[in-house]
Amino acid sequence: MFPAASLLTTLLLALSIAASPVEIRSSPITLPIARRLNTSGGTINILQHDQSRAAALKNVGENTLNRRTASIAVTNDAVGYIAAVGVGSPATTYNLIVDTGSSNTWVGASTPYVKTSTSVDTGEPVAVSYGSGSFSGTEYTDTVTLGSGLTITKQSIGVADYSTGFTGVDGIIGIGPLDLTEGTLTDETYTTIPTVTDNLYSQGTIAEVVVGISFEPTTTETDTNGELTFGGTDATKYTGAIAYTPLTTTYPASYYWGINESITYGSTTILAETAGIVDTGTTLILIATNAFSEYQSVTGATLDQSTGLLRITTAQYDALENLNFNVGSNTYALTPNGQIWPRTLNTYLGGSADYIYLVVNSIGTPSGEGLDFINGYTFLERFYSVFDTTHSQVGFATTTYTDATTN
């Protein structure tokens, strides 16, 4: 992990905000986000991180108390997208992981929380377990700044007294569904906490509770290659039209940004239509164990002991077919290049620079459990995504990077 200070120069928010509240409300708000690899502990165990997170995501649905008491093995955050967010007045800038799989916003993992005139201690203890980390502390309300002149007042902020798994970052900005905050206030089990997106809407800053996310493939350790748009979408970041699918009603995927999809390798079905989630906090594409076995078989890949990832030869790479994600009546084809880890970053995983590793792996449980896949950011780097609370749907569109060959 790079020191938090080294990220600040690459995380500037570019905004053009009109004076009229009506004009602001009709204009989406754009926040650049940067991907970074956490190399603070040496090589990165992406698979362990993602599978630990997947286990925690499944357990969260059991009951509200699990959001703060789940005893899942914790691993340090491996790869993440980071946004620079100001808290307080005058604002202190914090580097926060952008997470669609959780909904609390909190600070203090690295840079200490600085109290100002806008800080209000609610006296409520707050705690969240993520599988890839956890925090506990006290809830405050404070002013949150997403750029020069753009503020959210009285936003709930968790201030960490203790955190683990978040070396080199300051916390999380959670943009998942509101219900994920239920149970995170220790003494108010059934209380929910309005998210950043909720408050942008309720305070008249955005017209709809919608977040658009653009990632771009990158082959470097840290790169400002993403964009978070509150209140709408950025038409310059995708091609064609956005196709939407309703949120799934299947438990426990329904707790998150859950959808129904099937997956085919070429014309071979490896995962029949089932429920899963779209998650920026997961690096890989995780699929049910039976689907993973089928994928390994059709690709001819072998399991690499050093990384835990599937490995293929150059000849097998040349023979790879598209991996198709079938959502409603639309198919999103992940090309052969989109199915491999960037080769320039192999050594950060403890792998060989000469090998080819696949980004598809096992979620750790068979299909039929209600959360049978996670489309992580290796999928999202190839498709624009929209998380629409107002209309209870998720949208995807192709981008100029859908068919990129940079990996």
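Residues are numbered from 1 along each chain as its sequence is written, and side-chain values use heavy atoms, with hydrogens and water left out. Because this is a predicted model, local features need pLDDT of at least 70 and side-chain atom pairs count only at pLDDT 80 or more, whereas totals for chains, interfaces and linings use all residues.

**View 1. An open sheet of seven strands with mixed pairing.** The strand order is S18-S17-S12-S13-S21-S14-S20; helices (H or I, at least four residues) and strands (E, at least two) are DSSP runs numbered from the N terminus, and two strands pair if DSSP finds at least two bridges between them. Strand S18 (330-334) and strand S20 (360-362) are the edges; each has a single partner strand, so one side of each lacks a neighbour in the sheet. From one strand to the next, the twist averages 35 degrees. Helix H6 (residues 289-299) lies across S12, S13, strand S14 (285-287), S17 and S20, and runs at about 135 degrees to S13. Axes are lines fitted to C-alpha atoms, for helices over the stretch in contact, and angles run from 0 to 180 degrees between N-to-C directions.

View 2. S12 pairs with strand S17 (residues 323-327) in the antiparallel sense over four bridges, and Tyr265 has Leu323 in S17 as its bridge partner. Leaving aside residues up to four places away in sequence, Gly266 touches Glu321, Asn322 and Asn324 (contact means heavy atoms within 4.5 Å). Gly266 and Ala333 are 67 residues apart in sequence, with 9.3 Å between their C-alpha atoms.

**View 3. The largest pocket, with a volume of about 270 Å³.** A pocket is an open set of points on a 1 Å grid over the protein atoms alone, where a 1.4 Å probe fits, with protein on both sides within 12 Å along at least five of seven lines; lining residues have an atom within 4 Å of a point. The lining has 18 residues, of which Gly176, Pro177, Leu178, Trp257 and Thr389 lie nearest the centre. Helix H5 (196-202) and strand S9 (210-215) each supply at least two lining residues.

**View 4. The salt bridge between Arg53 and Asp99.** The closest N and O atoms of this pair are 2.5 Å apart; a salt bridge is a side-chain nitrogen of Lys or Arg within 4 Å of a carboxyl oxygen of Asp or Glu. Arg53 lies in helix H3 (residues 46-60) and Asp99 in strand S3 (residues 92-99), so the pair ties together parts 46 residues apart in sequence.

Key
Grid points are joined across faces, edges and corners, and a volume is the space filled by probe spheres set on the points.
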